[in-house]
Amino acid sequence: MDTMVARRQPVLNRLLLLLLHSPLAGAVDGALLGLTVRGRRSGRAITLPVQYAAGDDAIWVWPADPETKTWWRNLPEAAPVRLRLLGQDLDATAQTLRGDEDPAEVERGLRAWAGRFPRT
């Protein structure tokens, strides 16, 4: 990621999170949610806007460029998270899935993701 983009990212994230909490949230609610995870070591709350796909009984999040992101590594096993979704704050449980450990569940998530974002 180029340095200029890296510097703008936190500003863009803050603006998107403000938008998700505003009366204009409907403009992005169908594609973005606010996700709060706790840092494994720091215990600090980390809140980010993330794209999501709704499945039958789950919300699926696939981090873009996962090698460059660290927040998802805070979810190696089931952990509590907070979502800002469709104008509501919700408590949920999240975890990272691995294709070599749970291929059927990963495939289910990929199907939901491809249904929501068919060009990816």
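The model is predicted, so local features need pLDDT of at least 70 and side-chain atom pairs count only at pLDDT 80 or more, while totals for chains, interfaces and linings use all residues. Residues are numbered from 1 along each chain as its sequence is written, and side-chain values use heavy atoms, with hydrogens and water left out.

**Arg84**
- Arg84 lies in strand S5, residues 79-85 (strands are DSSP runs of E, at least two residues, and helices are runs of H or I, at least four, numbered from the N terminus).
- Because its relative accessibility is 14%, Arg84 counts as buried (buried is under 20% relative accessible area, with a 1.4 Å probe and protein chains only).
- Leaving out residues up to four places away in sequence, Arg84 touches Leu20, His21, Leu33, Gly34 and Asp89 (contact means heavy atoms within 4.5 Å).

**Ala53**
- Ala53 belongs to strand S3, residues 53-54, and is buried, with a relative accessible area of 0%.
- Although Ala53 and Arg108 are 55 residues apart in sequence, their C-alpha atoms are 11 Å apart in space.

**The second largest pocket**
- The residues lining the second largest pocket number 22, and Trp60, Val61, Gln95, Thr96 and Leu97 lie nearest its centre (on a 1 Å grid over the protein atoms alone, where a 1.4 Å probe fits, a pocket is an open set of points with protein on both sides within 12 Å along at least five of seven lines, and lining residues have an atom within 4 Å of a point).
- Strand S6 gives the largest share of this lining, three residues.

Technical notes: Buried < 20%, exposed > 50% of the residue type's maximum accessible area, 1.4 Å probe, protein only.
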